[in-house]
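Hi,

Here is the structure I said I would pass on. Have a look at it first, and then read my notes below.

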Amino acid sequence: MPIRPHARPSLTAFEFFAGGGLAGLGLQAGGFRSTFANDFDAAKARAFRANHSGTPMVEGDVWGLSAADLPGRPDLCWASSPCQDLSLAGARKGLEGVRSGAFWGFWRLIQALDAEGRGPRAIVIENVAGLLSSNQGRDFAAVCTAMAEAGFRVGALEIDAALWLPQSRPRLFIVGLRGAEGQERTAPALPFHSDRLVAAHAALPPAVRDAWAWWSLDAPPRRNADLAALLEPDADWLDADASARLLDLAAPLHRARIEAATTPGAAFLRIRTEHGVKHQRLEARFDGLAGCLRTPAGGSSRQFVVAPGPDGPRLRRLTAREAARLMGCSEDYVLPKSQSAGLKLMGDAVAVPVVRALAERLLAPALTGARAAA
Ligand SMILES: C[S@@+](CC[C@H](N)C(=O)[O-])C[C@H]1O[C@@H](n2cnc3c(N)ncnc32)[C@H](O)[C@@H]1O
C-alpha cells in the first residue's frame, strides 16, 4: 500500500546523509516534517529536491556545515551515515574509514547544537548490521558511547524491511532519546533484538549499558505482497544469448532451482570462492523476496528478475521503478532519468515503511508524550 504523508506533522526533523529522501518520506508518514537536509552527492541532492520541494537541501560535505547552517531546534536528527566501510562485504575499515568517518562530521554538529541549547531530543543512526561487529565492536561502542555521554538513553533495533516489503534488507537503527520517554522492554525480544545485537550490547562499556534501553516496537501484521506483485509487466527480457550467458554462471543447485521455478524470482551475481578460486556466480531465490538492493558499483550488486518463459528460463534487469517499489516508495516518487542512477539511489536508501514504523510507533509517541495507537 502506498505510504501517504501524516495528516498533521507536528514534529521537526533534520535529515543528514539524506540521499533521495526516503528517510524523510517515512518520517513524514509518521508525524514529522523535515526542515533541513544535507547530502554531498549532486545526483542525490537533485533527486531529493524533486521529491521534497518544501525541505531545504544543503548540498555539500557534512564536515563543511556549522550550526549556523541549521534552522531552529529539531525534535529529531536522522543520520543514515555512509556504510561502505562497515558493510560485511566491504573493506571493514570501520569508522576510521574516510567515508564512514562522516559520522563524526555529523556528531560534531549535534555537539554544536547542544552548545547553543538547540540539540534534538531524539537521534536515529541507520547503518548496516556490520556496524555491530566492525573493528571488534569498537565502532558500535563508539557511536553508543557518544550518544550516552550526550545524555541520551540509547538502544538499537535490527530491522529487516522484509517484514513490510518483499526485499530482504536487514539494517541497524541506533535510537537515542533524552527528555522523552520511549516505550521499553525489560529484556531483549525478537524480531528486532537479534542475537548479534544482544551479543554486541553485552560487550559495551558498563556506562553505556547503564544508559541502554531495549526499545519496544511491535512487528507489523503479516506482509501480503511478494516480489511478483511489484514487477512491471512490460519490461524487456534479455535476448536468449544474454540469458544463456548468465544462466551458465549459475552453480548446479541454483541452475536446478531456476529450471524448476514456476513463478518469477530474484537473481543476482556474486563472487564466490570455490577451491581457492574466485568465480562470478548467478544465484537465485524464489521465496517471494528480492535480495538486498545495493548500489550498482560492481557487477556483483546487479539484480535480475528470472522467470519461466515460453522456451525456458529468461532474465532481465530489475528496473529502477521496481527497486523504488521494493523500498516502499509510492508511484509518484520521481526517479532520475537513467536506470543506473535510479538503481544507485535506491540501493543506498532506507526502506520507507521501516522509518515510518519507528517514527509513528516509537519516536512520535515518546516526543509528544502520547502512546502509539494499538
Ligand atoms: C546510505 S546513503 C543514505 C540514503 C538515504 N537515507 C536515503 O534513504 O536515500 C548515505 C548518503 O550519504 C551521503 N554522504 C556520504 N558522505 C557524506 C558526507 N561526507 N557529507 C554529506 N553527505 C555524505 C551519500 O551521498 C549518500 O547519499
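Proline 191 sits in the loop that runs between strand E8 (184-185) and helix H5 (195-202). Helices here are DSSP runs of H or I with at least four residues, strands are runs of E with at least two, and both are numbered from the N terminus.

Before you go further: this is a predicted model, so local features need pLDDT of at least 70 and side-chain atom pairs count only at pLDDT 80 or more, while totals for chains, interfaces and linings use all residues. Residues are numbered from 1 along each chain as its sequence is written, and side-chain values use heavy atoms, with hydrogens and water left out.

Back to the backbone. Most residues other than glycine have a negative phi, and most peptide bonds are trans. Two residues are worth a look with that in mind. Glutamine 136 is not a glycine, yet its phi is positive, about 50°. You will find glutamine 136 in the loop between strand E5 (122-127) and helix H4 (138-149). Is glutamine 136 buried or exposed? It is exposed, at a relative accessible area of 67%; the cut-offs are under 20% for buried, over 50% for exposed and partly exposed in between, with a 1.4 Å probe and protein chains only.

Now for the ligand. Which residues come nearest to it? Of the 21 residues around the ligand, they are Asp39, Lys44, Asp61, Val62 and Ser80; a residue is near if one of its heavy atoms lies within 4 Å. Helix H1 (22-29) and strand E2 (32-39) each supply at least two residues of that shell. By class, the shell has ten nonpolar, six polar and five charged residues. In that scheme Ala, Val, Leu, Ile, Met, Phe, Trp, Tyr, Cys and Pro are nonpolar, Asp, Glu, Lys and Arg are charged, and the others, Gly among them, are polar.

Some atom pairs to zoom in on:
- A polar backbone atom of valine 62 is 2.9 Å from a nitrogen atom of the ligand.
- Serine 80 places a polar side-chain atom 3.0 Å from a ligand nitrogen atom.
- For alanine 18, a backbone N or O atom lies 3.4 Å from an oxygen atom of the ligand.

Taken alone, the ligand exposes 600 Å², and the protein buries 94% of that (areas by the Shrake-Rupley method, 1.4 Å probe).

A cavity is a set of points, on a 1 Å grid over the protein atoms alone, where a 1.4 Å probe fits but cannot get out; lining residues have an atom within 4 Å of a point. The lining includes Glu126, Ile159, Arg169, Phe173 and Val354. It divides into seven nonpolar, no polar and three charged residues.

Finally, a few residues that pair up across the chain. Leucine 172, in strand E7 (residues 170-177), is buried at 0% relative accessibility. Its C-alpha is 8.5 Å from that of glycine 130, 42 residues away in sequence. Glutamine 167, in the loop between strand E6 (153-160) and E7, is also buried, at 0%. Its C-alpha is separated by 8.6 Å from that of aspartate 226, 59 residues apart along the chain. Glycine 72 is in the loop between strand E3 (57-59) and strand E4 (76-79), and is partly exposed at 42%. Glycine 72 and arginine 118 are 46 residues apart in sequence and 7.0 Å apart, C-alpha to C-alpha.

Cheers

Methods. A polar contact is a pair of N or O atoms within 3.5 Å; within protein, one must be able to donate a hydrogen and the other to accept it, and residues adjacent in sequence count only if both atoms are side-chain atoms. On a 1 Å grid over the protein atoms alone, a cavity is a set of points where a 1.4 Å probe fits but cannot get out, and a pocket is an open set with protein on both sides within 12 Å along at least five of seven lines; lining residues have an atom within 4 Å of a point.
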